[in-house]
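Work through the exercises below with the sequence and the coordinates at hand. Each task is followed by a stepwise solution.

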Amino acid sequence: MCELFIKADARLWESATRSLRIDGMVTSVRLENFFWSKLEEIARRDGMNVVQLITRLHHESIDAGHDLGNFTSFLRVCCARYLDLQLTGDIPADVTRPIAGLDAPVILGREREKYH
């Protein structure tokens with residue numbers, strides 16, 4: 001079992017830092033390449049680039065009252081949830097289908113039932 005993880009391409013867990021501007025402030029985000037690739041995929045699905053997606057997630061997190069003390073952890077969890085929601089069929093595996101049009105309240109309700 002562990003061979004699937006141990007012998008994976010080491011570039012997946014190498015970190016990369018990207019600088020981006022959110023509300024006129026330059027910030028750096030350091031994530032493993034695997035997570036950058038997932039964020040790129042998520043962004044592409046709704047016609048955005050990664051900076052636009054991260055900015056939107058940042059704004060909506062603030063609006064929801066989230067503590068953004070560890071925003072990179074939040075981004076990693078977003079990626080993991082994206083993959084999990086694909087496995088459950090709540091997000092289509094077809095990466096050409098946008099995410100924005102999905103029924104978020106219904107999906108979140110199913111997810112709550114699963115974890116509680």
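**Exercise 1.** Which residue takes a positive phi in the hairpin of β1 and β2?

Solution. The model is predicted, so local features need pLDDT of at least 70 and side-chain atom pairs pLDDT 80 or more, while totals for chains, interfaces and linings use all residues. Residues are numbered from 1 along each chain as its sequence is written, and side-chain values use heavy atoms, without hydrogens and water.

Step 1. Strands are DSSP runs of E with at least two residues, and helices are runs of H or I with at least four, numbered from the N terminus. Strands β1 (residues 15-22) and β2 (residues 25-32) run antiparallel and are joined by eight bridges; pairing requires at least two DSSP bridges.

Step 2. Ala16, for example, has Leu31 of β2 as its bridge partner.

Step 3. Two residues lie between the strands, and Asp23 has the positive phi, near 55 degrees.

**Exercise 2.** Determine how α2 packs against α3.

Step 1. Helices α2 (residues 33-45) and α3 (residues 50-63) pack at about 85 degrees, their axes 8 Å apart. Axes are lines fitted to C-alpha atoms, for helices over the stretch in contact, and angles between N-to-C directions run from 0 to 180 degrees.

Step 2. This makes α2 roughly perpendicular to α3 (65 to 115 degrees).

Step 3. Contact (heavy atoms within 4.5 Å) involves Trp36, Leu39, Glu40, Ile42 and Ala43 of α2 with Val50, Leu53 and Ile54 of α3.

**Exercise 3.** Which residue after α2 has a positive phi?

Solution. Gly47 follows α2, with phi near 70 degrees.

Conventions: Angles under 35 degrees count as roughly parallel, over 145 as roughly antiparallel, 65 to 115 as roughly perpendicular and the rest as oblique.
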